[in-house]
Amino acid sequence: MSDWVHNLPVTAMALVVFGFTYLLAAAALMAVTALATGERARSFKAISPGLLPVLGIIFGLFVAFTAAQVWSDSDRANTAVSHEASALRAVVLLAAGLPAEKQAKLRGLVRDYVEQAANVEWPMMARQTASLRASPPNLVEALQLVIAPQEGQPIAQRELIAALQSALDARRQRIIVSQAEVNPVKWFCLYLLAICEMLAIALVHCDNRLASALALGLFSTGVAAAVLLIAAHDRPFTGQISIRPEPLLQIMPNDPAGR
């Protein structure tokens, strides 16, 4: 599935997926109908209808395995964003135990980090171009700030360091999961199995065009629905149905200058 398909609205994506699947079904029906003449028609009819459930079960299992990967990636992405937001919220709360100047600076660094993540990293993750090569400067500076010797606040310092490290780890997980997707080989095999089933349906019903068309229409609708569901959730941070930075924005400290 190309990048432009993943970035389409769900309605437009549905039109593309259903249209492409119905086109394959129509091609299978037309090809078998054109070839089902004379001796070939008798050969086609000799194919056992028992082949249909076998291919259908294989296709269903393949869809289930592919969907399981997509749901797992989506859960991991949601978990990473939630953990990141929770860790940053803990940093904001624990900052209250620091001197006023350091507290204000730490809150400002968290706010800048959230803005950077929402406005820069999220679009990059949607394009799958986000990288772990560069560390977020705001969180690195915040970590350096709290690592500096503190007087009379060892517990708060330890908790702040742990929370910032947790936020950094959650960010790493978020960026790693943003690269996840169903690879082209799986998409090819999924549609190859669907085409095999379509051809088998058309061959078994080659002597009855209406029955063949109805059976192909029903199966194609099921195939398109399954593909649409997988494609719409394939990339966790891409498309209309994607994970947004709202959890991070909700815990972002207020800008004192904007009060």
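Begin by selecting Met-13, which, leaving aside its neighbours within four places in sequence, is in contact with Val-5, His-6, Leu-8, Leu-228, Ala-231 and Ala-232, where contact means heavy atoms within 4.5 Å. What is on screen is a predicted model, in which local features need pLDDT of at least 70 and side-chain atom pairs count only at pLDDT 80 or more, while totals for chains, interfaces and linings use all residues. Residues are numbered from 1 along each chain as its sequence is written, and side-chain values use heavy atoms, with hydrogens and water left out.

**Helix 5 against helix 7**

Now show helix 5 (residues 100–126) and helix 7 (residues 154–178), whose axes come within 12 Å and cross at roughly 5°; the axes are lines fitted to C-alpha atoms over the stretch in contact, and angles run from 0 to 180 degrees between N-to-C directions. The two helices are therefore roughly parallel to each other, a label for angles under 35 degrees. To see the contact, select Leu-106, Tyr-113, Ala-117, Glu-121, Trp-122 and Met-125 of helix 5 together with Leu-160, Arg-171, Arg-174, Ile-175 and Ser-178 of helix 7. By class, this contact has seven nonpolar, one polar and three charged residues, where Ala, Val, Leu, Ile, Met, Phe, Trp, Tyr, Cys and Pro count as nonpolar, Asp, Glu, Lys and Arg as charged, and the others, Gly among them, as polar. Also in helix 5 is Val-120, which is partly exposed, with a relative accessible area of 33%.

Move on to Gln-128, in the loop between helix 5 and helix 6 (137–147). Is Gln-128 buried or exposed? Gln-128 is buried, with a relative accessible area of 17%. Not counting residues up to four places away in sequence, Gln-128 touches Ser-178, Gln-179, Ala-180, Glu-181 and Arg-235, and a polar atom of its side chain lies 3.4 Å from the backbone oxygen of Gln-179. Most residues other than glycine have a negative phi, whereas phi of Gln-128 is positive, near 60°.

Select Val-92 in helix 4 next, and draw a distance from its C-alpha atom to that of Gln-128, 36 residues apart along the chain, which comes to 30 Å. Val-92 counts as buried at 7% relative accessibility and, leaving aside neighbours within four places in sequence, is in contact with Arg-107, Val-110, Ile-251 and Pro-253.

**Last stop**

Finish at Gln-157 in helix 7, buried with a relative accessible area of 16%, where the side chain of Gln-157 reaches the backbone oxygen of Ile-147 at 3.2 Å.

How values were computed: Helix = DSSP H or I, 4+ residues; strand = E, 2+ residues; numbered from the N terminus. Parallel < 35°, antiparallel > 145°, perpendicular 65-115°, else oblique. Buried < 20%, exposed > 50% of the residue type's maximum accessible area, 1.4 Å probe, protein only. Polar contact = N/O pair within 3.5 Å; in protein donor to acceptor, adjacent residues only side chain to side chain.
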